[in-house]
Amino acid sequence: MPPSKTIDPIELSSRLIDTGIADERIVRVDNTLSEIDDNVAVIEAFSNMVAFGTDDGLVCFDASGPLNGTAVVDSLRGWSGDRINTLLYTHGHIDHVGGSGALAADAAERGQPAPLVVGHDNVIPRFERYNATSGYNLIINRRQFGASLRRRGVGITGDEPSFLPGDTLWPTRTYSENDSLSVGGLDFELHHDKGETDDHTWAWVPSHRAICPGDLVVWVFPNAGNPQKVQRYPLEWARALRRMDALEPELLVPAHGPPVRGRERIATVLLTLAESLETLVSQTLDLMNEGASLDEILQSVSLPAEWLERPWMRPVYDEPEFVIRNIWRLYGGWWDLDPAYLKPSPKAELAGELVRLGGGAEAFARRAQELVEAGDLKLACHLIELAVAADPDSASMHGARAEIYEARRAAEQSLMSIGIFSAAAAESRDIAEA
């Protein structure tokens, strides 16, 4: 049996919601299992696996990622040796499907049939896109999650040559809008809604009054703005959360973070998340309708600070600012309304001209370092980027750039910002040291 947790996940979520205070790690990536209802278990991993026992084997939601798929299966087998009848993908992100090869290997070792794999219609096109953009996705995910997280076994990919692991199980049954399954006397109602992805499934399990929301609830601010990934859908996401709440669930088992028990607690989580996304969309669209530029909107739209202090809404992964950019892209395209940037000069040419006017790259770098000391990290980054673009082979420019982005990284809260700024610092550090 997997080692017991210091704090039961239901106890943890209840305290976090009731007090509104987050004073310990919420999303726990230890691959250990907790039974949270009769014949219902959750394994808290890089993405959780949720397992339901039935009279005809297990029904599992998600397989976690390739780095911890085997550990998740080991924990599952400490709870039940029954065959895995059905594997349901909440969506096709690698941290949810990449561990499926371990499930297939386990079934083969036990002489059991491979599971039925169920997902939305768009999971298969997603897998095809991952294969077409494998190199790009490997690069951006290594940048997003960073070397330090990978050393802890936390991240999307390991050392695989392709982004989508070759042993990933592809769906053998797909659906469009809604679907239902009955396995061993247990019914599952599947619903499609866009949100973090266009292939998302959330499930209602009536006999347990349980919702499996996948990544529509992740115990951080909704991942609706990731700057390195494809389009997200914040308003559709909010509508999905309200549909879940209308079912009056008593158990919520998300794909990241602890499960939640109790009608009022679940409503609190679902409705506050929905309201935050709706607020960002409505404020952004109001300004777009008035003709505001993207820059003007980014400086004007925000959420109340106290909203972002809630334990299930902290912007430690994605950020409202990034969501605003995704709303702009969804409703307005990629142009930010600055006419100079419709068909801009090459960055190096613009940087060279500005640096010449401003006294040279060294002057820009010195000023950037002064701005760091003054606490204006945003402007410092603009200036050092111009200095490096104008003198890309300068070790001193790259040394200054590395120091500035290390300071920027230290001042950030969200994993996405930290990953990008860390990668910039490391890039320039390598050049400067070479």
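Author: Gladly! The sheet here is open and has seven strands, in the order β1-β2-β3-β4-β5-β6-β7, with mixed pairing. Helices (H or I, at least four residues) and strands (E, at least two) are DSSP runs, numbered from the N terminus, and two strands pair if DSSP finds at least two bridges between them. This is a predicted model: local features need pLDDT of at least 70, side-chain atom pairs count only at pLDDT 80 or more, and totals for chains, interfaces and linings use all residues. Residues are numbered from 1 along each chain as its sequence is written, and side-chain values use heavy atoms, with hydrogens and water left out.

Reader: In which sense do β5 and β6 pair?

Author: In general, strands of a sheet pair through backbone hydrogen bonds, either parallel or antiparallel. Here β5 (residues 84–88) and β6 (residues 116–120) pair in the parallel sense, over three bridges. Leu88 has Val118 in β6 as its bridge partner.

Reader: What is the phi of Asn39, and where does Asn39 lie?

Author: Asn39 is not a glycine, yet its phi is positive, about 60°. Asn39 sits in the loop between β1 (32–37) and β2 (40–44).

Reader: And Asp62: buried or exposed?

Author: Buried means under 20% relative accessible area, exposed over 50%, partly exposed in between (1.4 Å probe, protein chains only). Asp62 is buried, at 1%, while Asn39 is partly exposed, at 45%. Asp62 also has a positive phi, near 70°, and belongs to the loop between β4 (57–61) and α2 (69–79).
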